[in-house]
Amino acid sequence: MLRKLLIAMAIVAGAAQPLFAADATSDPKAEFKAFRDYFTKRFPKVALDDFVNGPYSMDEGLRKQWKAIDEFPPYEFAVEKGKEMFATPFKNGKSYGDCFANKGVGVRQTYPQFDLKSGQVITLDMALNQCREANGEKAFDYTKDDMAALTAYMAFTSRGKAMDIKIPDDPRALAAYTKGKQYFYTRRGQLNFSCASCHVQNPGNHIRTEVLAPALGIMNAMPIYRSAWGGMGTTSRRLRTCNSQVRGVPLKAESEEYRNVEYYLSYMANGLPISGPGARP
Amino acid sequence: MNEFLDVSGQTRRTILKGAVGFAALGLGAGGALSTAHAAADVKGWPEKAFTAKSEADALKALYGKTGEASDKVNLDAPEIAENGAVVPIAVASTLPNVTGIAILVLENPNTLAAAYKIPEGTEASVASRLKMAKTSKVMAVVESGGKLFTATKEVKVTVGGCGG
Amino acid sequence: MHMRTLIRIAVIASATGFASAAFAASAEDFKAAFDKAQAADKQAAALHNQWTTTESELKKAKAAADAGKFDDAVKAAQEAEALANASVAQSKEQEKLWPDAVVR
Amino acid sequence: MASTIRVRAIAGGDSTQVQALISHPMDSGFVKDSKGEIIPAHHIDVVEFEHAGKVVFTCLWGPAVSKDPYVKFSFKGAKKGDDLKVSWVDNKGQTDSSVAKIG
């Protein structure tokens with residue numbers, strides 16, 4: 001017990017002192033620029049479009065293995081399955097394509113979206129389940145293979161397209177963005193880590209045995225095939241794993257916090273190419 | 001990568017579960033591989049080699065001999081594996097008359113990971129992905145002109161590939 | 001400030017740890033300790049910041065109590081309570097501190 | 001269910017490069033499931049690649065080959081448009097095969 005708390009304390013004590021004055025208001029445009037500048041200044045050798053490749057943009061040895069694996073990546077089965085699922089009509093004769101702009105092809109980069117009608121962030125995963133339910137089908141588990149396959153296929157059709165996230169002129173949209181930002185920078189779990197502790201302060205460094213991915217463009221690779229999972233995982237699965245890794249109890253998949261943080265991070269990645277589905281250690 | 005989605009149209013599927021002989025698939029030329037039985041390894045699969053604990057035993061079971069180091073065997077393996085579950089390893093050789101290539105992970109519970117038969121007309125070069133339980137020497141073995149030649153490299157593994 | 005809170009929690013936790021070792025606990029002692037731990041954990045849940053270690057200590061406490069090992073059960077429940085309180089304190093502090101970390 | 005086999009075979013010069021990826025758990029027999037029980041070994045034993053009635057490459061695999069295994073090799077004597085047949089059999093007697101066009 002005492003030992004556990006001491007671990008937490010050691011981490012608190014070791015954390016960097018805040019560099020900036022506290023301010024909880026949001027200026028997305030200025031923050032977008034600051035966020036990008038932070039990463040490009042810290043990693044001057046990494047090409048801007050390469051950040052979406054996560055740890056592989058940070059480590060030469062890893063990059064070589066990724067290149068070898070990416071010659072014929074294991075997520076191809078998921079993409080193929082997703083393509084078949086996407087093309088298969090629902091019982092009512094409609095299909096996924098009917099729920100999306102451009103029949104769902106090459107649109108992944110526009111998600112998450114802020115939905116003015118319901119006043120909340122809609123991720124691609126959520127839009128897919130809404131589409132299913134609107135057409136009389138049961139929703140998929142947000143963390144399982146069916147959802148991963150569908151989003152893998154949709155990401156694949158958007159490969160190379162620039163992330164294009166909009167914050168509509170509505171206080172609720174700005175509030176969702178701000179809440180996402182708050183979630184991202186809030187320390188949690190017994191290890192007292194925030195998302196930023198790893199992915200802003202320590203990208204490229206090893207934590208235990210993994211090379212940490214930079215937060216810039218981190219959503220562009222979703223969904224991912226992780227060797228550690230031996231399979232595909234959705235954005236929800238990855239976020240839940242992040243929580244567990246800092247000894248926090250994961251939230252419900254696609255809970256408001258997760259959707260907001262995805263919204264925030266995707267906005268920060270505007271202009272960077274979609275690289276999903278990704279392969280990760 | 002871009003064209004792969006079209007390949008499926010050209011593939012033909014035959015999934016047969018249970019007691020189906022390998023021969024039933026018409027893999028005629030296999031010889032020793034021509035029969036199989038359910039829930040057991042295919043006849044001709046070198047079980048003794050795959051269950052050997054030491055590299056010498058595995059090589060003896062597989063080829064009936066042991067090898068010697070050669071700079072004509074090229075082993076391409078990472079210095080630090082990104083995940084022991086998936087370690088890309090490639091072997092190539094400039095030796096003449098290569099008939100077989102094997103890859104051994106010396107610290108794995110069973111050292112032999114994979115063996116490849118190279119008939120005439122097929123190049124002495126193969127790439128595959130292997131599991132490594134922990135940091136280990138990896139040995140590439142090339143059978144050329146009836147003799148075995150080897151190359152060895154250490155691969156550091158921080159996340160083991162046998163723990164799931 | 002948040003450092004100090006965690007240290008205070010650690011000190012209290014170690015003190016209660018000694019105390020509980022000094023006498024043989026009963027089922028009632030366990031129930032009291034477990035209820036307190038659960039109440040603290042509920043607060044953490046409301047803040048969406050439960051710690052996995054709290055959950056495992058709660059489970060451990062329950063299992064020990066089921067086995068009639070009330071000393072162990074009380075000890076685990078007290079640990080769970082201290083962890084849950086620390087997670088609540090963490091959330092409350094982060095409510096104020098998070099903007100300091102934002103990249104600007 | 002889709003095929004378990006994906007093949008890319010490309011003729012270039014006098015040699016054809018083949019890459020194959022097979023969907024298979026390749027359970028090593030050393031891993032425990034969530035209940036703490038050993039997942040029995042379940043792995044592909046043999047993969048054969050056949051061109052024009054001749055086996056051009058044989059893989060003998062043990063449990064240390066990664067999940068969803070991959071292999072790359074090259075052989076001579078094929079041309080664009082030829083068929084390449086791939087077949088596998090595992091230690092439970094399950095099999096699959098597929099014919100790909102060399103591109």
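**Cysteines and nonpolar cores**

A:Cys99 comes out partly exposed, at a relative accessible area of 34% (the scale: buried under 20%, exposed over 50%, partly exposed in between, with a 1.4 Å probe and protein chains only). This is a predicted model, where local features need pLDDT of at least 70 and side-chain atom pairs count only at pLDDT 80 or more, while totals for chains, interfaces and linings use all residues. Residues are numbered from 1 along each chain as its sequence is written, chains are lettered from A in the order in which they are written, and side-chain values use heavy atoms, with hydrogens and water left out.

The partner of A:Cys99 is A:Cys131, with 2.0 Å between the two sulfur atoms; a disulfide here is a pair of cysteine sulfur atoms within 2.5 Å. A search of the whole structure turns up one such link over all chains. The bridge is right-handed, at 70 degrees about the S-S bond. A:Cys131 is buried, at 2% relative accessibility. As for A:Cys195, its closest cysteine sulfur belongs to A:Cys242, and 6.7 Å is too far for a bond.

On to the nonpolar cores, meaning sets of buried Ala, Val, Leu, Ile, Met, Phe, Trp, Tyr and Cys residues joined through side-chain atoms within 4.5 Å. The largest holds 78 residues, and A:Phe35, A:Phe184 and A:Tyr185 have the most contacts inside it. Apart from this core lies another, of 52 residues, including B:Ile89 and D:Phe75. Leaving out residues up to four places away in sequence, A:Phe184 touches A:Phe35, A:Cys195 and A:Leu265, among others (contact: heavy atoms within 4.5 Å).
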